[in-house]
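Please look over the sequence and the structure before reading the points below.

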Amino acid sequence: MIRPTSALSPRLIVVLAAAALLLLTLWFGGAPSAYGQAPAGEQTVEVGVTDADGDLSDGDVDLLRTETERLDLPPQVTHVEYLVFAEGRDNLNDTVERFAQSDRPDLVSGDTEKWAPGRLLVAVSWDPQRNGIYCGDDVCAAMDLFEGRHLDGSLEAMKDPLRRENTAAGLLAGATAAADPTVLAEEEFPPALGWVLGGIGVLGAGGAGAAVVASRKKKAATARERFDRVSQEYGRVAGELDGIDVRANSLRSPLADDELRAQWQDVRGRFLELDTVMSRLDHLRPDSTDADFRKAADDIDTADTTVAQMMRAETNIDEMFRMEQGDADVRRRQLGELHEDMLEAALGTSDERLATEARELDARADELARDTAADDFMDRYARLVVDYRVVVEAIRAREMADVETASDAGDRRAPRLYDRDWRVGHGYGGFVPFAMVSSWHAHDVQAAQAASSGTTTGYANASFSGGGGSSSF
């Protein structure tokens, strides 16, 4: 909503009044600190710690009180309260506000619509994981904590220790950062970007036209490159397709299950359908125009993708065939891939029982690597994959429950026969390697942090307008 520029909000009036007060203080009395604080020893700040669920130790409480007294706080701060909640609402602002209204009325103003004057509140909740900093209007004005880059930066300073489950350090980091006016979150757009955006407005249609021309040239160049690749490989693969098909259908180990055969039939069928696509590309030559290549770009992309997948399927089928036929080098190579993933799983879980199971499976893999000529090698390898799949699924369920899998996310699946990262055994019984599940988890955590790291300053209680805010960690 756009407000008339002639109207001043109550919050802005408070900020201006506080600024005027600070200027008068500087004019008449000077200021020995960044906030115009009185000389050390002349200010007494009360420190309170609210921790109903006992998350903090006695030593933690002593640390918070001792270190807070040493902070360079402005004279407006008369009381610092640290609050720890085991559980709370999704918006920590509401958790703190409702707690204060019902249990700690000394933290809210007389009209119950703001935080009490002189108060600086630093809070954390663990379920969900939220952290917040709040203040009375006088404190917010003096410390620039109503909202903005200093509040954002102070909240950000809390997150690293809180992610390491060090509650006291996280709370103290919040108060310390709030007391330091130089702690600022990075600007959303660097200054140079403003010149770029302004330049776009100045360039107008001419700049947009140049961008379009560059895009069209790039599209044509990409289509040419892919067409060259398809022209070189399509004929060769087509000529060898029957032989590849014979080898694929000769696989006999337990790993050559219905799913693997279905993947082969899928890529083979799509490759056969390329005959129609390639006929539409017959007119293209190296000297064809960019316009010709742009027009054919979709067909070229389809052909390039399918030919590349067919070539990878050919390589993987050959690898598995050689493994079944007793090639010791291939067997050791595939076991080496499995070993690396098992080791990563053992190191990547905090559950010692699951880590032990991963190490025991790794020992079995090592034992099998010393017996590559065994008649039952492929059966033992398949059994190893099945047992390891159970461990990976247990780690995911226990520590990565947020990960979406193939059942609810189309791009979350085991590598297929025609994928670049497929290895013998991937997809068998639904097996997905730990490294892949871990990468999905890391992606989801990063996305969640990016989506929720913004500062929230609003309250469900519309009549409450206390300064400060919260974010997630």
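**Polar side chains and their contacts**

Gln263 sits in helix α8. The model is predicted, and the points below are grouped by topic.

- Gln263 has a relative accessibility of 8% and counts as buried, because the limit for that class is under 20%.
- The side chain of Gln263 makes a polar contact with the side chain of Glu259, at 2.9 Å.
- Ser253 lies in the loop between α7 (191-249) and α8 (258-272).
- Ser253 is buried as well, with 9% relative accessibility.
- A polar contact of 2.7 Å joins the side chain of Ser253 to the side chain of Glu324.

**Salt bridges: count and network**

- The model has 32 salt bridges.
- One network of salt bridges links Glu233, Arg236, Glu240 and Glu314.

**Salt bridge Arg104 to Glu81**

- Arg104 and Glu81 form a salt bridge through their side chains, with an N to O distance of 2.9 Å.
- This pair links distant parts of the chain, 23 residues apart: Arg104 is in the loop between α3 (92-103) and β3 (119-126), and Glu81 is in strand β2 (residues 79-85).
- Arg104 counts as buried at 18% relative accessibility, and Glu81 is buried with a relative accessible area of 1%.
- Why does Arg104 count as buried at 18% relative accessibility? The class takes in residues under 20% relative accessible area, so the 18% of Arg104 falls within it.

**Salt bridge Asp90 to Arg130**

- In the salt bridge between Asp90 and Arg130, the closest N and O atoms are 2.5 Å apart.
- The two residues are 40 residues apart and link distant parts of the chain, with Asp90 in the loop between β2 and α3 and Arg130 in strand β4 (residues 129-135).
- Asp90 is exposed, with a relative accessible area of 56%, whereas Arg130 counts as buried at 15% relative accessibility.

**Salt bridge Glu337 to Arg423**

- The side chains of Glu337 and Arg423 form a salt bridge with an N to O distance of 3.3 Å.
- Glu337 is partly exposed, with a relative accessible area of 33%.
- Arg423 is also partly exposed, with a relative accessible area of 26%.

**Negative surface patch**

- Which residues form a negative surface patch? Asp53, Asp55, Glu87, Asp127 and Glu165 do.
- Asp53, one of the patch residues, is in the loop between β1 (46-51) and α2 (58-69).
- Asp53 is exposed, with a relative accessible area of 55%.
- Glu165, also one of the patch residues, is found in the loop between α5 (149-163) and α6 (167-178).
- Glu165 is exposed, with a relative accessible area of 65%.

**Backbone details**

- Glu165 has a positive phi of about 60°, although Glu165 is not a glycine.
- Thr112 likewise is not a glycine, yet has a positive phi of about 60°.
- Thr112 is in the loop between α3 and β3, and counts as partly exposed at 38% relative accessibility.
- Asp127, which belongs to the negative patch, is joined to Pro128 by a cis peptide bond, with omega near 0°.
- Pro128 is in the loop between β3 and β4.

**A C-alpha distance involving helix α3**

- Gln101 is in helix α3.
- Gln101 counts as partly exposed, at 27% relative accessibility.
- Gln101 and Glu113 are 12 residues apart along the chain, and their C-alpha atoms are separated by 9.7 Å.

Terms used. Residues are numbered from 1 along each chain as its sequence is written. This is a predicted model: local features need pLDDT of at least 70, side-chain atom pairs count only at pLDDT 80 or more; totals for chains, interfaces and linings use all residues. Side-chain values use heavy atoms; hydrogens and water are left out. A salt bridge is a side-chain nitrogen of Lys or Arg within 4 Å of a carboxyl oxygen of Asp or Glu. Helices (H or I, at least four residues) and strands (E, at least two) are DSSP runs, numbered from the N terminus. Buried means under 20% relative accessible area, exposed over 50%, partly exposed in between (1.4 Å probe, protein chains only). Patches are made of residues with over 30% relative accessible area and no salt bridge: like charges are joined within 9 Å, nonpolar side chains (Val, Leu, Ile, Met, Phe, Trp, Tyr) within 5 Å. Accessible areas come from the Shrake-Rupley method with a 1.4 Å probe; for residues, only the protein chains shown count as cover. Lys and Arg count as positive and Asp and Glu as negative; His and the chain ends are not counted. The place of a charge is taken as NZ of Lys, CZ of Arg, CG of Asp or CD of Glu. A polar contact is a pair of N or O atoms within 3.5 Å; within protein, one must be able to donate a hydrogen and the other to accept it, and residues adjacent in sequence count only if both atoms are side-chain atoms.
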